[in-house]
Amino acid sequence: MRRQIPLALCFIAGLFMAVQYFIPHPAVQNTYELLLSWLQTLLAFAFLLGTVSLIRMHFHKIRNRADDRAFSWVTLIGLVGMIGLGFFHPQHQLPGSPFNLMFLNVQVPIEATMFSLLAFYIASAAFRAFRARTLEATLLLIAACIVMLGRVPIGDLIHESIPAATQWILNVPNLAAKRGVMIGVGLGMMATALKIMLGIERAWMGGSD
Amino acid sequence: MGTLIWTTIGAILTLSVYSFLYKDNPFYKFAEHLVVGISAGYYLVIYYYNFIDPNVVTPVFQLRLGDQAIGFGSGAWWLALIPGLLGLLLYTRFFPRVAWVARWSLGIYVGGYAGLGISPVMQARVIEQIGANALPLTSVTNVLIVVGLLGTLAYFFFSMKHKGILGALARVGIVFLMVGFGASFGYTVMSRISLLIGRVSFLLHDWLQVV
Amino acid sequence: MERTCVALAVAALLTVSLAGTAGAQEAPVEEALLDAAPPDSVAPAAPGALAARDYLDSNDAGDKIELDWELSPDDGEGSCDVVAYRLWRSQSASSPGELVTELSPGQTHYVDQNLEPGAQYYYSITAYDGTNESAPIACAPVSGRVNLFQTTRLSILVLMAVFFALVLIFTKLAERGAELFVRRIPGLNAIEEAVGRATEMGRPVLYVPGIGEIDNIMTIASLTILSHVAKITARYETPLIVPTARAVVMSAAEEVVKQAYAEVGQPDAYNPDNIRYLSDAQFAFAGAVNGIMLREKPAANLYMGAFWAESLLLAETGFEAGAIQVAGTAMVSQLPFFVTSCDFTLMGEELYAASAYLSREPKLLGGLKGSDWMKVVTIALMALGAILNFMGFESFVNWFQTQ
Amino acid sequence: MNVFEKMLAIDRRWIFLAIGVAVILPFFFPLGLPVVVTPPVQHLYDAVDEIHPNDAPLLLSIDYAPATLPELEPMAVAILRHAFERDVNVVVMTLHPAGYGLAESALLTVAEEMGQEYGTDYCFLGFQPGTSAVILGMGVNIATVFPEDAYGTPLAEIPMMDGMRNYDDIPLVISLAGWSAAEAWVYYAYQPFGQAVGAGVTAVMATDFYPYLSSGQLVGLLGGMRGAAEYEVLIDTLDKGVQGMDSQSIIHIMIIILIVLGNIAYFGARRRRKLEETEAA
């Protein structure tokens, strides 16, 4: 009851989704679209679940008087405010609506800036990690340097063959390696997917009973 | 004026995040906690209006599924109850005694996506690779690609110890892998820096308007 | 004939350029042609034979019809006044039905879409000069056939059958208790050393299961590894922090860890507050994890699962915080960053291999062995394809060009 | 602790500082490092250059989101400048929900700068959800997908859009995207309708697009900020792209120097340690 039903549902849903790929018949395709919309809806509900846990966690911190509980307030206020703007402001998606302004001027800048931290980290990583300790490490280092040079105008100035070398590295060794990894990864994914459908791999159910 | 205020807010938050490069500090903490809250709220609204509302709420309250494609005859509004129900089941996990019921929805979700993945993965990652790698060994390039591919696959072959020919091949594979990694690393630098340039130009051009 | 046509074309271009210089709005060539051509009451000659057939030999839902026709003698030559072909569609032979679309001169092909599968359609086409329409050219009624199997995807089905057969055979063998050899994956020792180190230093272990959803295969593999790690930390009574970016992953992780702690007889050591949902937003999540690294100072950071651009953000901050780091992902694009910035990395398939290996459940090894031998099959197919291509039989490789 | 060990132990915040400076300086003192134009960019430029002025318009699909704006907006600006410079009509649309504001601002800024008139020289269709469906639909009839422009004016009432039916009236489509939209244009506009398509994508995506170039499915390609820079060189109005390339060049070189220094320090320190060990023994 507690494990059989979910496993059965898992198998049926999986089997249908795998098979529909080969059947262009509208009855099947429409059912597929319906099921897909269900999965997306489930995702949305699951997201709501996350928000609930988020709220619980921060309430916890505030109740337990954690040192940085002030920041928990920041999170909660941001969350509630955004929901308010979204649901109680008509046409919240329109450009210029408070909801959209908050998105564009608070969320986007912070996320974009966090993303751009990578520019600094990629440099520090290169400095400390690119050591010609072994043959492999040396090759990695050399490939990286050539490609870096080949990407910028100054590379062409240093030597006109650098861009060509860059393309070659990308199109031959890089391609071969990527394809190898892709095939292996692909097989691993399919095997795991099959095991999930057959209920051999049930980590997603968690443990207990 | 309004825009200036908004830009200033964006700029202050931008600087707060960059302050993390020096060390963790209250400004960063503020930005970090703020974006967690804001983004949660944002996605909640977006998900509701894009999935829950059209797939559950609207059809159920109007007692019909509009032009929503349905396998077994249109107008079956009650079908919209199913995703709603499955969605609500997820919340049983807050009630330990019935928590296991959440697995029903989870089963459909995990199984559905597992099945959905299989065929496209087989197509994109295996079948098309076979087509692309069926290369006659007539040029140095082809030989290198084939050797590199064999080596990489050998490296990922777990059924035997890496000794003898397999060991040698695996060694070749690791070499190709490392060159590939180096290339992608160097290749990514540019786009990461572009992001930084974007932020800097936001600060100097859009906000301070000094350039 | 030819000459007049050229003249008209020139006149047309003139009007266009004039219109352009005169700053008038866009003047379509057709209209220009009209201006140039003496307005007549003579309809253009009808286009040549119209042929309609089921699109893709209906390897589709049968809702598309493909049409071909021959140009009207007055298109581009003759009286040179065809400005459009009008395509008509009807459910009955008697009426011309509705206008499907107008097509520019010189076109001889069109695919009509969103039709009712299996229904009979009567198509006819006319040449149009802006005022007069030629006599319609009709063709035999046609209908789109609904198909039950997409033949262009046969190769996928066949290889899937082969692969799954292999997996199931090895799984059965394992169940029968056959000894399946799988070489130990080096990364596993690294994981255990990292956890051990954290224990010595009396600091927590951080386990990030990626930012993939629970439906992501890497996330599933990561959960299996998590349960292994949880058992070790439970034994050593080392705190285990698991930040997640997905609610469902969090609840699964809770179950897994709770279970693991129970199994090694340390149910009380399990602390639910350490399994956290941070944020679905990629960089909000990364930012929050960075915060944990610097504030709770874990001594071992394990990144296992699906990672995107945040990989380097985490790994570099972790290094700065002085943690020993082990990563594992099948995200090809992120491997370079983990490989360079972590102490050890499970590359690509090793992630799945590790999870199968660790679960100690022989059944799970079936998938690993199946994948291994499928690699051999794949290589054989490539070699065969190469040889056949070389000898000029391309049909074999083309069979793999699916849609 | 000798010089090598000091180098190894350097606080990485100095590196961060150096990167920051290297990015900011070119904004004030552009180096104007020469940018060599590569064939893919040249081809796209030529394709735009062949469009008749004040005739069938260029369709520019601005499909980028805020995250990829820095790489792709300079492309949009350069292409728009080029088109308007030659009095080529331009229709702008977007397939990305977050692209609406970005596309609009890029278009209006350049149009104003070049003194173009809405409705006769350019037009903004706005956003339509459903990428592939939109592209396919426009191949049959644009007016069914975009009955009116972004501001609610029926297409028939917009002079330059009047009489536009489908891709037969569009000499060239260019998609600027940091996601699969550019591919969608190839699959759903080029494949079924033979529509000429060009693309501008992020530097990371660029390599995946080279196959489309060689197979002729794309007329031209702009890859990342460098693509934009090359286009700016072609229309000789240097802007953010070229400016960005200065920072790019400096930082790329800087990182390489860092790697070299890092290795010198590493081996220096190691040699020193070896020596000490031998002395100890």
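Two residues count as being in contact when heavy atoms of theirs lie within 4.5 Å. Keep that idea in hand as we walk through this structure, which is a predicted model.

Let's start where chain A meets chain C. Here 53 residues of chain A are in contact with 65 residues of chain C. Another way to describe such a meeting is by area: the size of an interface is often given as the accessible area lost when the parts come together. Between chain A and chain C, the buried area is about 5000 Å², and carbon and sulfur atoms give 76% of it. On the chain A side, F22(A), P24(A) and R128(A) supply 14% of the area that this chain buries against chain C, more than any other three residues.

R128(A) forms a salt bridge with E316(C), and the closest N and O atoms of the pair are 2.6 Å apart. The count of salt bridges between chain A and chain C is one. As for polar contacts, the count between these chains is six residue pairs, with both residues at pLDDT 80 or more. Which helices of chain A can you look for on this side? Helices α2 (26-63), α4 (98-129) and α8 (173-197) of chain A each supply at least two residues of the side that touches chain C. Of the elements on this side, α8(A) gives the most, with 15 residues. Sorted by class, the side of chain A that touches chain C has 36 nonpolar, twelve polar and five charged residues.

Now turn to where chain B meets chain A. This contact takes 111 residues from chain B and 117 residues from chain A. The area buried between them is about 10500 Å², of which 80% comes from carbon and sulfur atoms. W6(B), R103(B) and R125(B) supply 7% of the area that chain B buries against chain A, more than any other three residues.

How many salt bridges are there between chain B and chain A? The count is one. E136(A) forms a salt bridge with R171(B), and their closest N and O atoms are 2.3 Å apart. Polar contacts between chain B and chain A come to 14 residue pairs, both residues being at pLDDT 80 or more. Several helices of chain B each supply at least two residues of the side that touches chain A, including α1 (2-18), α2 (26-61) and α6 (164-207). It is α2(B) that gives the most to this side, with 27 residues. By class, the side of chain B that touches chain A has 74 nonpolar, 28 polar and nine charged residues.

Next, consider chain C by itself. Chain C has twelve helices and 13 strands, and of its 403 residues 59% count as buried. Among the contacts in chain C with a separation of 6 or more, 67% are between residues 24 or more positions apart.

Is I191(C) buried or exposed? Its relative accessible area is 1%, so I191(C) is buried, as the cut-off for that word is under 20%. Not counting residues up to four places away in sequence, I191(C) touches I225(C), V229(C), L302(C), M304(C), V326(C) and L346(C).

The other is R276(C), which lies in strand β10 (residues 275-277) of chain C. R276(C) also counts as buried, because its relative accessibility is 13%. Its side chain is joined to that of E296(C) by a polar contact of 2.9 Å. Leaving aside neighbours within four places in sequence, R276(C) is in contact with residues that include I241(C), V242(C) and P243(C), and also with M57(A).

Finally, look at the nonpolar cores. The largest has 249 residues, and those with the most contacts inside it are W204(A), M122(B) and L240(C). The largest share of this core, 18 residues, comes from α4(A). Take M122(B) as an example: leaving out residues up to four places away in sequence, M122(B) touches M190(A), I127(B), I156(C), L159(C), M160(C), F163(C) and M374(C). A second, separate core has 44 residues, among them L125(D), M138(D), L155(D) and A206(D).

How values were computed:
Residues are numbered from 1 along each chain as its sequence is written. Chains are lettered from A and ligands numbered from 1 in the order in which they are written. This is a predicted model: local features need pLDDT of at least 70, side-chain atom pairs count only at pLDDT 80 or more; totals for chains, interfaces and linings use all residues. Side-chain values use heavy atoms; hydrogens and water are left out. Buried area is the accessible area (1.4 Å probe) that two parts lose on being put together, summed over both. A salt bridge is a side-chain nitrogen of Lys or Arg within 4 Å of a carboxyl oxygen of Asp or Glu. A polar contact is a pair of N or O atoms within 3.5 Å; within protein, one must be able to donate a hydrogen and the other to accept it, and residues adjacent in sequence count only if both atoms are side-chain atoms. Helices (H or I, at least four residues) and strands (E, at least two) are DSSP runs, numbered from the N terminus. Ala, Val, Leu, Ile, Met, Phe, Trp, Tyr, Cys and Pro count as nonpolar, Asp, Glu, Lys and Arg as charged, and the others, Gly among them, as polar. Buried means under 20% relative accessible area, exposed over 50%, partly exposed in between (1.4 Å probe, protein chains only). A nonpolar core is a set of buried Ala, Val, Leu, Ile, Met, Phe, Trp, Tyr and Cys residues joined through side-chain atoms within 4.5 Å.
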